[in-house]
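Open the structure in your viewer and keep the selection tool at hand. The stops below go from one selection to the next.

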Amino acid sequence: MVKKGYLSPLKRCPTARLAIPEAILGLLMCSPLLISLRLKLICYPVYDPEAWAEVSAAVNARREIVGVVVYGNADSPISNATIPMLQHLAGASATAKVMSKNSNTQVYGYANVDTYQFATPFQGTFDYTTEAVSHTRNLGFLKPLIGGPYFDLETIWEEHTQHEFETRSVPHTMATMVQEPYVNHIPTVRSQNALLFIWKFYHWPCAKTIYS
């Protein structure tokens, strides 16, 4: 399947060796203009470590592919990546992000799930919350590789909650927001949008009582 520069090996190909070239050709046929531009593709994602073993040689042989995301288990990490790779390992410690020695690989652990199929929809082991976290990390990893806008959302969120609940600084809290933010405050059944209104919301006495 090929969509918007995201590349997934085609299951209908007779061999994994042919899947990657056929997918690239399909993308070029969808937009011939890409032939004259610098084509950047990402193999996203490989939901099965065995599938990666089958297509890895073909992926590594294509210079158009600048990054790959692989889901696997803690007992079978991939250590020989030749292009930038993000790994999501089920059953691994979630205490920290691990970097390989050559900084070519990023690895996230998910201790709350025990199989890589946590990210595959319509499976009994599918975990929506954990998959959503991994998806956000995928975007943060892949966007810089294809020249897209990059924001470290996890770091921004941690800074936001620190200023909202610890330092309780309205200016610093709002500095972590977009230009047109909105807030839905469930306990008080209130919502606001735009910077001025949200600024007033944070200074609202009832809100101060709740956050204290």
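A nonpolar core here is a set of buried Ala, Val, Leu, Ile, Met, Phe, Trp, Tyr and Cys residues joined through side-chain atoms within 4.5 Å. Note before starting that this is a predicted model.

**Stop one: the main core.** Select I20, W52, V59, I65, V68, V70 and M85, the residues with the most contacts inside the largest nonpolar core, which has 14 residues. Now colour α1 (16-30), α2 (49-60) and β4 (65-73): each of them supplies at least two residues of this core. The most comes from α2, which gives four residues. As a rule, nonpolar side chains in soluble globular proteins tend to be buried together.

**Stop two: M85.** Centre the view on M85 and show what surrounds this residue. Leaving aside neighbours within four places in sequence, M85 is in contact with W52, V68, V70, I78, N104, T105, Q106 and F141. Next, select V69, Y110, Y116 and F118, which are included in a second, separate core of 12 residues.

**Stop three: a strand pair.** Select residues 85-90, strand β5, together with β7; the two pair in the parallel sense over six bridges. To follow one of these pairings, pick L86, whose bridge partner in β7 is Q106. Is β7 mostly covered or mostly open? Strand β7, residues 105-110, is mostly covered, with five of its six residues buried.

**Stop four: the salt bridge.** How many salt bridges does a search of the whole structure find? The search finds one. Select R137 and E154, which form a salt bridge with their closest N and O atoms 3.1 Å apart. The pair links distant parts of the chain, 17 residues apart: R137 lies in helix α3 (residues 128-142) and E154 in helix α4 (residues 153-166). R137 counts as buried because its relative accessible area is 17%, under the 20% limit. E154, at 32%, is partly exposed.

**Stop five: helix α4.** Stay on α4 and look along its length. Its 14 residues should span 20 Å at 1.5 Å a residue, and the end C-alpha atoms are 19 Å apart, which agrees. Select the buried residues of α4, namely H160, H163 and E164. They cover an arc of only 95° around the axis, so they sit on the same side of α4. An α-helix has 3.6 residues a turn, so residues three or four places apart point the same way. On the other side of α4, E158 and E166 are exposed. Finish just after α4 at R168, which takes a positive phi of about 50°.

Technical notes: Residues are numbered from 1 along each chain as its sequence is written. This is a predicted model: local features need pLDDT of at least 70, side-chain atom pairs count only at pLDDT 80 or more; totals for chains, interfaces and linings use all residues. Side-chain values use heavy atoms; hydrogens and water are left out. Buried means under 20% relative accessible area, exposed over 50%, partly exposed in between (1.4 Å probe, protein chains only). Two strands pair if DSSP finds at least two bridges between them. A salt bridge is a side-chain nitrogen of Lys or Arg within 4 Å of a carboxyl oxygen of Asp or Glu. The expected span of a helix is 1.5 Å times one less than its number of residues. The arc is that of the directions from the helix axis to the C-beta atoms. Contact means heavy atoms within 4.5 Å.
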